Amino acid sequence: MDHTGEITEYIGNLTRNLNTFFLLINGIIIFLMQCGFAFLEAGSVRAKNTTNILIKNLLDVFLGAVAYWAIGYAFAFGDPSNAFLGHSYFFFHRLPEARLSHFFFHFVFAATAATIVSGAMAERTAFKAYMIYSVFITGIIYPVVSHWAWSETGWLAVGPGNANVHYQDFAGSSVVHMVGGTAALVGAAVVGPRTGRFTNGADFRGHTVPLVALGGFILFFGFFSFNGGSRASISEPGDGVVVANAIVNTIICGSAAALVALVLEKLVYGTKKWSLLVTINGGLTGMVSICAGCGALYAWGAFATGVFAGAIFVGVSALMEKVQIDDPLDAVAVHLGGGLWGILTVPLLDKDDGVFFKWDGDAFVSWGWNALGACAIMVWTGGLCLVLFGLLRFLKVLRVDLHTERLGLDVPEHGEPAYPLMAYIGNDNRGNLGIQTGNMRNLPIQVSNFSNITAHDNPTLNNDENNRKMTSKKTDDDVQRNTV
């Protein structure tokens, strides 16, 4: 009896299941990067804004999932489609079940693009404005760009009419990171700097370096799946080699960028110290920049990309300070700077048909096509974000008021301080405070202007008369200077 047909069917099913599993597992690991972003951003803001930044990272997932399911995936990969966007599969209408793993994998990419923006606009952006722009980026801005570059009918993917030229962005240096970085740049510029950031020399450093480091490590881990998983297949000949190459290039490029940023910060520019935070951001910039070419470069090409990426991070970060655009996370330097460098590098160093290897007309046209795509992405993202953030600012809903900003967003906006006062001072069974008011300055979390926060606003301030006696009557200037 001939079982050839059954064997062929079995192998076909196994291949499809293997590819589906590959997408889902890598998508789940990339999802963990949201935790890394949350820790990185929470550690980089002052303690009084911790809850606010954490819930924004959480809602990037929940708002993003609904927006991408409703309209985002349809714009990105709807079939039928045109060169600009897709126009089917809204709310999964007529979506083949075989594409669910594809949806999930690209959803976590969309959520990453939105998360980048919250860090750059941290500590002064109103929560309702955040929810509006998060949905807008995940549901409209990012999906259209991903259609251009990654859909079979997208104008960037199709190319300029030359069969040897196509848009090269393997894992999203431009599609994900430049979108997020451009939106972050426009958002930070329109919302304006944190009060006092560039005027009175106040200390705006984040409140916990260990949390930043933990977030950085999680992001480094996630980048291996972010880049390696972008192959989207593991069953075809050569897939394993491409995935391995992407992962190895990711760590080489990230390492080179981290080391260069560390040395530049110490010897050339900045604090002249061996900075942990600069090293982390330098490594992230390298991993962002290699996204575009991680599967197509030799290891030495990845190293060279990383060397320049580290320098670009330091330079863009310094430029942002120079022009007084307040970016607490250096998100613009990491994602826009690293993403732009990466998308321009891959056509130069591609081991098969890069400019440095072929030096022919097609190679130069390929570089030009990538450059054109990068410009189009920045114009699309920057233009729409300028309209959106400008409208929110005009309606006076983009930024919190000065009083709320000085108190911190955790209590006025959410009623949930990340570090409740009572956790440090405690009380005995008779309701007496565990420490005297005079020792308040020694607490890890400074107590400032609590007389202006009611028990309704802050659950940690109840009706106990002893608690009310603790309120500090500092001036607004004292608040600005002393509040963590």
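Helix α3 is mostly covered, with 18 of its 21 residues buried. Buried means under 20% relative accessible area, exposed means over 50%, and partly exposed lies in between (1.4 Å probe, protein chains only). Helices here are DSSP runs of H or I with at least four residues, strands are E runs of at least two, and both are numbered from the N terminus. The length of α3 fits its residue count: at 1.5 Å a residue, its 21 residues should span 30 Å, and its end C-alpha atoms are 32 Å apart, which agrees. The expected span is 1.5 Å times one less than the number of residues.

This is a predicted model, in which local features need pLDDT of at least 70 and side-chain atom pairs count only at pLDDT 80 or more, while totals for chains, interfaces and linings use all residues. Residues are numbered from 1 along each chain as its sequence is written, and side-chain values use heavy atoms, with hydrogens and water left out.

Now the whole chain. It holds 18 helices and zero strands. Of its 484 residues, 53% count as buried. Contact means heavy atoms within 4.5 Å. Among contacts with a separation of 6 or more, 77% join residues 24 or more positions apart.

Next, the loops on either side of α3. The loop between α2 and α3 (100-120) contains Pro-80. The peptide bond from Asp-79 to Pro-80 is cis, with omega near 15°. Phe-92 is found in the loop between α2 and α3 too. Phe-92 is not a glycine, yet its phi is positive, about 65°. Its relative accessibility is 26%, so Phe-92 counts as partly exposed. Glu-123 sits in the loop between α3 and α4. Glu-123 is not a glycine either, and it has a positive phi of about 80°. Glu-123 is buried, with a relative accessible area of 1%.

Move to helix α2, residues 50-77, which packs against helix α4, residues 127-150. Their axes are 8 Å apart, at an angle of about 40°. Axes are lines fitted to C-alpha atoms, for helices over the stretch in contact, and angles run from 0 to 180 degrees between N-to-C directions. α2 and α4 are therefore oblique to each other. Angles under 35 degrees count as roughly parallel, over 145 as roughly antiparallel, 65 to 115 as roughly perpendicular, and the rest as oblique. The crossing of α2 and α4 is right-handed. That term applies if the near helix is turned clockwise from the far one by less than a right angle; anticlockwise makes it left-handed. By class, the contact of α2 with α4 has 17 nonpolar, eight polar and two charged residues. Ala, Val, Leu, Ile, Met, Phe, Trp, Tyr, Cys and Pro count as nonpolar, Asp, Glu, Lys and Arg as charged, and the others, Gly among them, as polar.

Thr-51 belongs to helix α2. At 14% relative accessibility, Thr-51 counts as buried. Leaving out residues up to four places away in sequence, Thr-51 touches Asp-410, His-414, Glu-416, Pro-417 and Ala-418.

Last, another helix pair. The axes of α8 (residues 239-267) and α10 (residues 299-322) come within 7 Å and cross at roughly 35°. α8 passes α10 in a right-handed crossing. The α8 side includes Asn-249, Ala-256, Val-260 and Leu-264, and the α10 side includes Phe-303, Gly-306, Gly-310 and Phe-313. The residues of this contact divide into 15 nonpolar, four polar and no charged.
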